[in-house]
Amino acid sequence: MKRRAFIALLAGAALWPLTPSAQQGERVRRIGVLLPLPPVILAGFFDELGRLGFAEGRNLTVDRRGFSTPYEQYPAIAADLAAAKVDAILCAGEAAIRAAQAATQTIPILAVTDDMVGAGVVASLARPGGSTTGISILAGDLDGKRQELLLDLIPGARRLAALSDAHTNTPGQLQALQDGARTRGIELSIHAVQRPQDIAPAIEAARAAGAAALNVLASPFLHDNAPTIIARTAALRRPAVYQWPDLAEQGGLVGYGPRFAEIFRQWARQLAKVLAGTAPADLPVEQPTKFELVINLKAAQALGLEIPPTLLVRADHVIE
């Protein structure tokens with residue numbers, strides 16, 4: 001081999017271990033997550049983030065320890081992320097946000113949760129202050145609207161049940177649902193769960209309480225366990241409504257709320273701004289603006305349930 005070719009070969013070999021970002025001299029951002037959800041949930045999020053110039057393997061690294069993590073592990077993982085001085089922490093749900101806020105007051109926290117102002121994790125939507133911003137998904141209001149949908153779905157119902165996340169759904173939220181049911185002459189039982197193994201017994205308890213239908217409240221934990229909930233409510237022949245329209249397309253009976261994918265694209269756009277240098281205090285908390293009602297007639301038929309025509313007319317999408 002000629003000397004010049006040999007030197008060129010050695011120079012190329014020296015570059016092989018380097019990432020593309022290192023070759024380009026581009027700064028690599030590091031983010032951590034605190035999500036009771038699997039990584040696949042964020043596929044659209046990372047696609048949007050890549051479109052905005054931040055791609056894993058190029059100029060972004062992700063600490064994945066916090067995916068599908070039990071709530072009790074949040075404080076330790078948050079402390080590790082703060083010690084590692086990541087560039088941002090992604091949090092879904094109030095428990096994750098509080099763990100991150102306890103671990104750091106300087107690292108940006110990008111959050112998605114029910115009511116960020118009501119939970120006290122930001123000062124206001126327009127001026128969040130501190131190091132936390134994100135998306136407030138109006139879950140408390142939408143849980144109430146979903147309860148009304150159940151009453152429209154089963155006009156003669158006198159008892160309903162709500163499946164709640166003991167770590168996420170607040171006493172104030174639950175009281176508002178019970179007050180709303182009471183004004184309609186409806187008895188509402190609340191069935192709180194903390195672990196996946198609590199879900200089936202809770203749904204069975206709702207049936208034993210005489211509930212005609214189930215309101216599955218907004219919660220990342222309950223969303224992650226939606227296949228179990230859908231299967232169990234079908235087995236017990238209990239109609240249920242879910243926070244995401246996507247879940248009606250995955251076998252649930254009724255879903256009402258913003259599109260799951262759109263929330264995460266919105267979230268990615270916020271993170272891109274933070275990674276580009278915008279302070280969270282200067283980045284207003286956003287809210288969803290579009291909501292969809294999806295009804296699954298296949299699920300209704302399996303339950304022996306006839307959907308009122310007035311409800312079908314209101315639906316954005318009906319699965320035949």
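Reader: Which residues touch the most other members of the largest nonpolar core?

Author: A nonpolar core is a set of buried Ala, Val, Leu, Ile, Met, Phe, Trp, Tyr and Cys residues joined through side-chain atoms within 4.5 Å. Buried means under 20% relative accessible area, exposed over 50%, partly exposed in between (1.4 Å probe, protein chains only). Here the largest core has 73 residues, and Leu34, Phe45 and Trp267 touch the most other members. Helix H12 (residues 260–275) gives the largest share of this core, 9 residues. Helices (H or I, at least four residues) and strands (E, at least two) are DSSP runs, numbered from the N terminus.

The model is predicted: local features need pLDDT of at least 70, side-chain atom pairs count only at pLDDT 80 or more, and totals for chains, interfaces and linings use all residues. Residues are numbered from 1 along each chain as its sequence is written, and side-chain values use heavy atoms, with hydrogens and water left out.

Reader: What does Leu34 touch?

Author: Contact means heavy atoms within 4.5 Å. Not counting residues up to four places away in sequence, the partners of Leu34 include Gly66, Tyr74, Ile77, Leu90 and Ala100. There is also a second, separate core of 28 residues, with Ile154, Ala162, Leu188 and Val241 among them.

Reader: Now helix H8. Which of its residues are buried?

Author: An α-helix has 3.6 residues a turn, so residues three or four places apart point the same way. In H8, the buried residues are Ile199, Ala202, Ile203 and Ala206. They lie on the same side of H8 because they cover an arc of only 95° around the axis (the arc of the directions from the helix axis to the C-beta atoms). These buried residues pack against strands E6 (159–165), E7 (187–193) and E8 (214–216), and against helices H9 (220–224) and H10. Gly210 follows H8, with a positive phi near 85°.

Reader: How do H8 and H10 cross?

Author: Axes are lines fitted to C-alpha atoms, for helices over the stretch in contact, and angles run from 0 to 180 degrees between N-to-C directions. The axes of H8 (residues 199–208) and H10 (residues 226–235) come within 10 Å and cross at roughly 35°. Ile199, Ala200, Ile203 and Glu204 of H8 meet Thr228, Ile229, Arg232 and Thr233 of H10.

Reader: Is Ile230 buried or exposed?

Author: Ile230 sits in helix H10. Ile230 counts as buried because its relative accessibility is 12%. Not counting residues up to four places away in sequence, Ile230 touches Tyr242, Leu247, Gln250, Gly251 and Gly252.
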